[in-house]
Amino acid sequence: TRLVSDWSSDVCSSDLNMDTTLRTNDTAQLARTILGLFKLRIGFVIMITALAGFVVTPDAGPGGIPLAVLALAVLIASASAGAFNQYVEYDTDRLMLRTRGRAFATGELRHAPVWLALIGILLAGSVAAAWYATNPLAALYVFLGAFFYAVVYTVWLKRRTWLNIVVGGLAGSFSVLAGAAAANPQLGAVPLLLALVLFLWTPPHFWRLAIANSPDYAAAGVPMLPVVVGNARAAQIVFASTVALVGVSLLPVFFGAGLIYFAGALTGGAYFVRNAWQLARAPSRKTAMSSFHASLAQLSLLLLAAMIDALLF
(Lines give C-alpha, C1' and ligand atoms only; values in the text may rest on other atoms or scores of the structure.)
Protein backbone atom coordinates (compact mmCIF):
# COMPACT_ATOMS: atom_id res chain seq x y z
CA THR A 1 0.00 0.00 0.00
CA ARG A 2 2.83 2.32 0.89
CA LEU A 3 4.54 1.60 -2.44
CA VAL A 4 1.33 2.33 -4.31
CA SER A 5 0.87 5.53 -2.33
CA ASP A 6 4.44 6.66 -3.03
CA TRP A 7 4.06 5.81 -6.72
CA SER A 8 0.78 7.73 -6.91
CA SER A 9 2.36 10.71 -5.15
CA ASP A 10 5.31 10.69 -7.57
CA VAL A 11 2.99 10.56 -10.59
CA CYS A 12 0.89 13.45 -9.29
CA SER A 13 4.02 15.46 -8.54
CA SER A 14 5.39 14.71 -12.01
CA ASP A 15 2.11 15.75 -13.65
CA LEU A 16 2.04 18.93 -11.60
CA ASN A 17 5.62 19.79 -12.53
CA MET A 18 4.91 19.07 -16.20
CA ASP A 19 1.78 21.20 -16.12
CA THR A 20 3.69 24.06 -14.48
CA THR A 21 6.49 23.74 -17.07
CA LEU A 22 3.98 23.77 -19.92
CA ARG A 23 2.27 26.87 -18.54
CA THR A 24 5.64 28.59 -18.10
CA ASN A 25 6.65 27.70 -21.65
CA ASP A 26 3.31 28.92 -23.00
CA THR A 27 3.67 32.20 -21.13
CA ALA A 28 7.23 32.66 -22.36
CA GLN A 29 6.17 31.91 -25.94
CA LEU A 30 3.29 34.38 -25.72
CA ALA A 31 5.67 37.04 -24.37
CA ARG A 32 8.09 36.41 -27.26
CA THR A 33 5.21 36.60 -29.74
CA ILE A 34 3.98 39.93 -28.42
CA LEU A 35 7.50 41.36 -28.25
CA GLY A 36 8.01 40.31 -31.86
CA LEU A 37 4.73 41.93 -32.84
CA PHE A 38 5.89 45.30 -31.56
CA LYS A 39 9.34 45.06 -33.22
CA LEU A 40 11.08 46.21 -30.06
CA ARG A 41 14.59 45.72 -31.42
CA ILE A 42 13.87 48.33 -34.08
CA GLY A 43 12.15 50.44 -31.44
CA PHE A 44 15.27 50.49 -29.28
CA VAL A 45 17.35 51.70 -32.24
CA ILE A 46 14.81 54.45 -32.89
CA MET A 47 14.90 55.39 -29.22
CA ILE A 48 18.71 55.65 -29.32
CA THR A 49 18.48 58.04 -32.29
CA ALA A 50 16.15 60.25 -30.24
CA LEU A 51 18.63 60.25 -27.36
CA ALA A 52 21.40 61.14 -29.80
CA GLY A 53 19.33 64.04 -31.11
CA PHE A 54 18.96 65.35 -27.57
CA VAL A 55 22.61 64.94 -26.64
CA VAL A 56 24.06 66.61 -29.75
CA THR A 57 21.86 69.68 -29.32
CA PRO A 58 23.99 72.51 -27.87
CA ASP A 59 23.21 73.40 -24.23
CA ALA A 60 20.82 70.47 -23.98
CA GLY A 61 21.21 70.09 -20.22
CA PRO A 62 21.11 66.84 -18.21
CA GLY A 63 17.68 65.72 -19.40
CA GLY A 64 16.53 63.77 -16.36
CA ILE A 65 12.90 62.63 -16.12
CA PRO A 66 11.67 64.58 -19.20
CA LEU A 67 14.30 62.88 -21.37
CA ALA A 68 13.47 59.46 -19.92
CA VAL A 69 9.76 60.03 -20.65
CA LEU A 70 10.56 61.16 -24.19
CA ALA A 71 12.75 58.09 -24.80
CA LEU A 72 9.98 55.81 -23.57
CA ALA A 73 7.42 57.71 -25.69
CA VAL A 74 9.56 57.24 -28.82
CA LEU A 75 9.96 53.53 -28.04
CA ILE A 76 6.22 53.01 -27.52
CA ALA A 77 5.30 55.06 -30.60
CA SER A 78 7.72 53.02 -32.70
CA ALA A 79 6.34 49.80 -31.22
CA SER A 80 2.77 50.81 -32.05
CA ALA A 81 3.79 51.57 -35.64
CA GLY A 82 5.56 48.21 -35.90
CA ALA A 83 2.47 46.36 -34.66
CA PHE A 84 0.27 48.29 -37.09
CA ASN A 85 2.64 47.33 -39.92
CA GLN A 86 2.22 43.63 -39.08
CA TYR A 87 -1.55 44.00 -38.67
CA VAL A 88 -1.95 45.57 -42.11
CA GLU A 89 0.49 43.27 -43.90
CA TYR A 90 -0.55 39.92 -42.43
CA ASP A 91 -1.68 38.66 -45.85
CA THR A 92 1.53 39.74 -47.59
CA ASP A 93 3.62 38.36 -44.74
CA ARG A 94 2.23 34.88 -45.45
CA LEU A 95 3.79 34.99 -48.92
CA MET A 96 7.32 35.78 -47.74
CA LEU A 97 9.74 33.33 -46.15
CA ARG A 98 11.24 36.07 -43.95
CA THR A 99 7.87 37.11 -42.48
CA ARG A 100 5.57 34.09 -42.70
CA GLY A 101 6.28 33.23 -39.07
CA ARG A 102 4.86 36.50 -37.75
CA ALA A 103 1.99 36.21 -35.29
CA PHE A 104 -0.85 37.57 -37.45
CA ALA A 105 0.39 35.69 -40.52
CA THR A 106 0.39 32.35 -38.69
CA GLY A 107 -2.82 33.02 -36.77
CA GLU A 108 -1.02 32.74 -33.44
CA LEU A 109 -2.60 36.11 -32.66
CA ARG A 110 -6.12 36.70 -33.93
CA HIS A 111 -6.35 39.41 -36.59
CA ALA A 112 -9.04 41.42 -34.83
CA PRO A 113 -9.91 45.15 -34.61
CA VAL A 114 -9.15 45.16 -30.89
CA TRP A 115 -5.48 45.34 -31.86
CA LEU A 116 -6.10 48.58 -33.74
CA ALA A 117 -7.69 50.03 -30.62
CA LEU A 118 -4.69 48.99 -28.52
CA ILE A 119 -2.26 50.41 -31.08
CA GLY A 120 -4.17 53.70 -31.15
CA ILE A 121 -4.15 53.93 -27.35
CA LEU A 122 -0.40 53.27 -27.22
CA LEU A 123 0.35 55.91 -29.84
CA ALA A 124 -1.94 58.51 -28.29
CA GLY A 125 -0.47 57.85 -24.86
CA SER A 126 3.11 58.16 -26.08
CA VAL A 127 2.41 61.45 -27.86
CA ALA A 128 0.57 62.83 -24.83
CA ALA A 129 3.43 61.82 -22.54
CA ALA A 130 6.00 63.51 -24.80
CA TRP A 131 3.86 66.67 -24.90
CA TYR A 132 3.47 66.77 -21.12
CA ALA A 133 7.11 65.98 -20.32
CA THR A 134 8.79 68.13 -22.99
CA ASN A 135 6.97 70.37 -25.48
CA PRO A 136 4.43 70.23 -28.33
CA LEU A 137 7.07 70.22 -31.09
CA ALA A 138 8.83 67.17 -29.69
CA ALA A 139 5.45 65.43 -29.33
CA LEU A 140 4.63 66.27 -32.95
CA TYR A 141 7.86 64.64 -34.12
CA VAL A 142 7.10 61.54 -32.04
CA PHE A 143 3.74 61.29 -33.79
CA LEU A 144 5.16 61.94 -37.26
CA GLY A 145 7.77 59.21 -36.83
CA ALA A 146 5.08 56.62 -36.16
CA PHE A 147 2.72 58.06 -38.78
CA PHE A 148 5.29 57.96 -41.58
CA TYR A 149 6.17 54.32 -40.91
CA ALA A 150 2.65 53.07 -40.23
CA VAL A 151 0.62 55.05 -42.76
CA VAL A 152 2.85 56.75 -45.33
CA TYR A 153 5.18 53.78 -45.80
CA THR A 154 3.01 50.77 -44.95
CA VAL A 155 -0.41 51.84 -46.26
CA TRP A 156 0.22 54.44 -48.95
CA LEU A 157 3.52 53.59 -50.61
CA LYS A 158 4.87 50.09 -49.94
CA ARG A 159 2.77 48.27 -52.52
CA ARG A 160 2.73 51.13 -55.03
CA THR A 161 6.28 52.39 -55.64
CA TRP A 162 9.96 51.58 -55.13
CA LEU A 163 10.22 55.00 -53.45
CA ASN A 164 8.35 53.55 -50.46
CA ILE A 165 11.37 53.24 -48.19
CA VAL A 166 12.85 56.55 -49.42
CA VAL A 167 9.88 58.53 -48.13
CA GLY A 168 9.31 56.11 -45.28
CA GLY A 169 12.88 56.75 -44.18
CA LEU A 170 11.70 60.02 -42.68
CA ALA A 171 10.38 57.98 -39.73
CA GLY A 172 13.90 57.65 -38.34
CA SER A 173 14.66 61.30 -38.97
CA PHE A 174 11.68 62.41 -36.92
CA SER A 175 12.96 60.52 -33.89
CA VAL A 176 16.22 62.50 -34.03
CA LEU A 177 14.23 65.71 -34.33
CA ALA A 178 12.04 64.70 -31.38
CA GLY A 179 15.09 64.38 -29.17
CA ALA A 180 16.57 67.64 -30.45
CA ALA A 181 13.30 69.54 -30.02
CA ALA A 182 13.01 68.25 -26.44
CA ALA A 183 16.37 69.88 -25.75
CA ASN A 184 15.71 73.05 -27.73
CA PRO A 185 12.76 73.71 -30.07
CA GLN A 186 15.08 75.94 -32.11
CA LEU A 187 16.78 73.15 -34.03
CA GLY A 188 20.49 73.58 -34.65
CA ALA A 189 22.66 72.48 -37.56
CA VAL A 190 24.12 69.33 -36.00
CA PRO A 191 20.80 67.64 -35.06
CA LEU A 192 19.35 68.62 -38.44
CA LEU A 193 22.32 67.02 -40.19
CA LEU A 194 22.00 63.94 -38.01
CA ALA A 195 18.34 63.71 -39.04
CA LEU A 196 19.46 63.97 -42.68
CA VAL A 197 21.95 61.16 -42.08
CA LEU A 198 19.13 58.94 -40.79
CA PHE A 199 17.03 59.83 -43.83
CA LEU A 200 19.86 58.90 -46.22
CA TRP A 201 20.81 55.80 -44.22
CA THR A 202 17.43 54.07 -44.27
CA PRO A 203 16.99 53.33 -48.02
CA PRO A 204 20.39 51.70 -48.68
CA HIS A 205 20.13 49.87 -45.35
CA PHE A 206 16.77 48.37 -46.29
CA TRP A 207 17.62 47.82 -49.96
CA ARG A 208 20.41 45.50 -48.82
CA LEU A 209 17.83 43.36 -47.07
CA ALA A 210 15.57 43.61 -50.12
CA ILE A 211 18.37 42.35 -52.39
CA ALA A 212 18.89 39.37 -50.07
CA ASN A 213 15.15 38.63 -50.15
CA SER A 214 14.17 39.85 -53.62
CA PRO A 215 12.37 36.59 -54.58
CA ASP A 216 10.15 37.04 -51.53
CA TYR A 217 9.23 40.60 -52.44
CA ALA A 218 8.60 39.61 -56.05
CA ALA A 219 6.31 36.77 -54.96
CA ALA A 220 4.40 39.12 -52.65
CA GLY A 221 4.06 41.79 -55.34
CA VAL A 222 5.96 44.42 -53.35
CA PRO A 223 7.89 46.75 -55.72
CA MET A 224 11.10 47.08 -53.74
CA LEU A 225 14.01 48.50 -55.72
CA PRO A 226 15.67 45.12 -56.52
CA VAL A 227 12.36 43.78 -57.82
CA VAL A 228 11.95 46.80 -60.12
CA VAL A 229 15.49 47.20 -61.48
CA GLY A 230 17.14 43.87 -60.63
CA ASN A 231 19.70 43.00 -57.98
CA ALA A 232 22.75 44.13 -59.97
CA ARG A 233 21.40 47.61 -60.68
CA ALA A 234 20.02 47.92 -57.15
CA ALA A 235 23.45 47.07 -55.72
CA GLN A 236 25.01 49.87 -57.79
CA ILE A 237 22.41 52.32 -56.49
CA VAL A 238 23.10 51.12 -52.94
CA PHE A 239 26.80 51.80 -53.40
CA ALA A 240 26.20 55.33 -54.76
CA SER A 241 23.73 56.16 -51.99
CA THR A 242 26.14 54.81 -49.38
CA VAL A 243 28.92 57.08 -50.63
CA ALA A 244 26.52 60.06 -50.49
CA LEU A 245 25.43 59.09 -46.98
CA VAL A 246 29.00 58.86 -45.69
CA GLY A 247 29.83 62.23 -47.22
CA VAL A 248 26.87 63.86 -45.48
CA SER A 249 27.71 62.10 -42.20
CA LEU A 250 31.02 64.01 -42.08
CA LEU A 251 29.39 67.45 -42.43
CA PRO A 252 28.62 67.91 -38.69
CA VAL A 253 32.38 68.36 -38.18
CA PHE A 254 32.04 71.76 -39.87
CA PHE A 255 29.26 72.77 -37.46
CA GLY A 256 30.77 71.97 -34.10
CA ALA A 257 31.13 68.18 -33.90
CA GLY A 258 34.58 67.16 -32.67
CA LEU A 259 37.31 64.63 -33.35
CA ILE A 260 35.54 61.71 -31.65
CA TYR A 261 32.55 62.16 -33.91
CA PHE A 262 34.81 62.54 -36.95
CA ALA A 263 36.72 59.35 -36.11
CA GLY A 264 33.52 57.37 -35.57
CA ALA A 265 31.82 58.66 -38.71
CA LEU A 266 34.93 58.11 -40.84
CA THR A 267 35.69 54.63 -39.50
CA GLY A 268 32.11 53.40 -39.72
CA GLY A 269 31.66 55.08 -43.08
CA ALA A 270 34.76 53.47 -44.59
CA TYR A 271 33.61 50.05 -43.40
CA PHE A 272 30.13 50.73 -44.80
CA VAL A 273 31.46 51.83 -48.22
CA ARG A 274 33.78 48.83 -48.41
CA ASN A 275 30.88 46.42 -47.87
CA ALA A 276 28.70 48.32 -50.33
CA TRP A 277 31.48 48.05 -52.93
CA GLN A 278 31.70 44.30 -52.38
CA LEU A 279 27.93 44.08 -52.85
CA ALA A 280 28.07 46.12 -56.07
CA ARG A 281 30.84 43.90 -57.46
CA ALA A 282 29.12 40.61 -56.61
CA PRO A 283 25.45 41.01 -55.65
CA SER A 284 24.23 37.92 -53.82
CA ARG A 285 22.35 37.05 -50.67
CA LYS A 286 25.64 36.56 -48.82
CA THR A 287 27.14 39.94 -49.76
CA ALA A 288 23.78 41.65 -49.26
CA MET A 289 23.42 40.34 -45.70
CA SER A 290 27.04 41.18 -44.91
CA SER A 291 26.45 44.71 -46.17
CA PHE A 292 23.16 44.88 -44.22
CA HIS A 293 24.95 44.10 -40.97
CA ALA A 294 27.65 46.62 -41.88
CA SER A 295 24.97 49.31 -42.13
CA LEU A 296 23.86 48.55 -38.57
CA ALA A 297 27.45 48.69 -37.35
CA GLN A 298 28.03 52.00 -39.11
CA LEU A 299 24.95 53.64 -37.62
CA SER A 300 25.70 52.32 -34.14
CA LEU A 301 29.27 53.62 -34.27
CA LEU A 302 28.18 57.00 -35.62
CA LEU A 303 25.50 57.51 -32.94
CA LEU A 304 27.82 56.36 -30.17
CA ALA A 305 30.60 58.66 -31.37
CA ALA A 306 28.17 61.57 -31.69
CA MET A 307 26.93 61.17 -28.10
CA ILE A 308 30.37 60.65 -26.56
CA ASP A 309 31.73 63.63 -28.45
CA ALA A 310 28.86 65.87 -27.33
CA LEU A 311 29.01 64.70 -23.70
CA LEU A 312 32.80 65.13 -23.36
CA PHE A 313 33.21 68.34 -25.29
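1. Helix α12, residues 225–229, supplies the largest share of the nonpolar patch, namely 3 residues. The patch as a whole is made by W162, L163, V167, V227, V228 and V229, and covers about 420 Å² of surface. The model is a predicted one, and the points below should be read with that in mind.

2. One of the patch residues is V228, which lies in helix α12. Its relative accessibility is 46%, so V228 counts as partly exposed. Buried would require a value under 20%, and exposed a value over 50%.

3. How many residues does helix α14 have, and how far does it reach? Helix α14 runs over residues 259–281, which makes 23 residues. From its first C-alpha to its last the helix reaches 32 Å, close to the 33 Å expected at 1.5 Å a residue.

4. Which residues of α14 are buried? They are Y261, G264, A265, G268, G269, F272, N275, A276, L279 and A280. In an α-helix there are 3.6 residues a turn, so residues three or four places apart point the same way. The buried residues of α14 pack against α10 (189–212), α13 and α15.

5. Helix α15, one of those partners of α14, spans residues 285–312 and contains S295. Is S295 buried or exposed? S295 has a relative accessible area of 0%, so it is buried. Leaving out residues up to four places away in sequence, S295 touches W201, H205, R208 and F272. F272 is itself among the buried residues of α14.

6. Helix α13 is another partner of α14. Helix α13 covers residues 231–249, and A244 lies in it. A244 has a relative accessibility of 41% and therefore counts as partly exposed. The C-alpha atoms of A244 and L200 are separated by 8.0 Å, although the two residues are 44 apart along the chain.

7. The largest nonpolar core has 63 residues. Which of its residues touch the most other members? These are L37, L70, Y141, V142, L194 and L302. Apart from neighbours within four places in sequence, L302 is in contact with L194, V197, S249, Y261 and A265. As background, nonpolar side chains tend to be buried together in soluble globular proteins.

Technical notes. Residues numbered from 1 in each chain as written. Predicted model: local features only at pLDDT ≥ 70, side-chain atom pairs only at ≥ 80, totals over all residues. Heavy atoms only, no water. Helix = DSSP H or I, 4+ residues; strand = E, 2+ residues; numbered from the N terminus. Buried < 20%, exposed > 50% of the residue type's maximum accessible area, 1.4 Å probe, protein only. Contact = heavy atoms within 4.5 Å. Expected span 1.5 Å × (residues − 1). Patch = residues over 30% accessible without salt bridge, like charges linked within 9 Å, V, L, I, M, F, W, Y side chains within 5 Å. Areas by Shrake-Rupley, 256 points an atom, 1.4 Å probe, with all protein chains shown as cover. Salt bridge = Lys/Arg side-chain N within 4 Å of Asp/Glu carboxyl O. Core = buried A, V, L, I, M, F, W, Y, C linked by side-chain atoms within 4.5 Å.
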